[in-house]
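Please find below a short note for a reader who is meeting this structure for the first time. It is set out as numbered points, to be read beside the sequence and the model.

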Amino acid sequence: MGQPLDPEQLSRLVSRLAELRQEHRDLDAAIARLQRDLQADELLLKRMKKRKLALKDQIAWIENRLIPDEPA
């Protein structure tokens, strides 16, 4: 992946990962509530789902950075 992370970088990534996971859970709950509403705004729902996917990608990227490289 690259160079090992220093403790400060590691701390920032772990904190950011926790924030992103919380936002992802909150968005998931909001989407579920909105989907139960028969008069839900479809455009808003699509935007929320797109944001949720973007969060998932960011979470995966950070998780990959946190996994140390192993020699082949």
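The points below take up the helix pair, the nonpolar core and then some individual residues.

1. The model under discussion is predicted. The remarks that follow should be read with that origin in mind.

2. Two packed helices are described by the angle between their axes and the distance between the axes. Here, helix 1 covers residues 7-36 and helix 2 covers residues 42-66. Their axes come within 9 Å and cross at roughly 155°. Since angles over 145 degrees count as roughly antiparallel, helix 1 and helix 2 are therefore roughly antiparallel to each other.

3. The crossing of helix 1 and helix 2 is left-handed. Sorted by class, the residues in the contact between helix 1 and helix 2 comprise 17 nonpolar, three polar and 10 charged ones.

4. The largest nonpolar core has 13 residues. Those touching the most other members are Leu20, Leu27, Ile31, Leu34, Met48 and Ile62. Helix 1 and helix 2 are the elements that give two or more residues to this core. The most comes from helix 1, which gives seven residues.

5. With neighbours within four places in sequence left aside, Ile62 is in contact with Leu13, Arg16, Leu17 and Leu20.

6. Lys49 has its place in helix 2. Is Lys49 buried, exposed or partly exposed? Its relative accessibility is 39%, so Lys49 counts as partly exposed. Beyond its neighbours within four places in sequence, Lys49 is in contact with Ile31 and Gln35. Lys49 and Ile62 stand 13 residues apart in sequence, and their C-alpha atoms are 20 Å apart in space.

7. Ser15 belongs to helix 1. Ser15 counts as partly exposed because its relative accessibility is 40%. How far is the C-alpha atom of Ser15 from that of Arg65? The separation is 13 Å, although Ser15 and Arg65 are 50 residues apart along the chain.

8. Ala18 also lies in helix 1. With a relative accessibility of 44%, Ala18 counts as partly exposed. Along the chain, Ala18 and Leu66 are 48 residues apart, while their C-alpha atoms are separated by 13 Å.

How values were computed. Residues are numbered from 1 along each chain as its sequence is written. This is a predicted model: local features need pLDDT of at least 70, side-chain atom pairs count only at pLDDT 80 or more; totals for chains, interfaces and linings use all residues. Side-chain values use heavy atoms; hydrogens and water are left out. Axes are lines fitted to C-alpha atoms, for helices over the stretch in contact, and angles run from 0 to 180 degrees between N-to-C directions. Helices (H or I, at least four residues) and strands (E, at least two) are DSSP runs, numbered from the N terminus. Angles under 35 degrees count as roughly parallel, over 145 as roughly antiparallel, 65 to 115 as roughly perpendicular and the rest as oblique. A crossing is left-handed if the near helix is turned anticlockwise from the far one by less than a right angle, and right-handed if clockwise. Ala, Val, Leu, Ile, Met, Phe, Trp, Tyr, Cys and Pro count as nonpolar, Asp, Glu, Lys and Arg as charged, and the others, Gly among them, as polar. A nonpolar core is a set of buried Ala, Val, Leu, Ile, Met, Phe, Trp, Tyr and Cys residues joined through side-chain atoms within 4.5 Å. Buried means under 20% relative accessible area, exposed over 50%, partly exposed in between (1.4 Å probe, protein chains only). Contact means heavy atoms within 4.5 Å.
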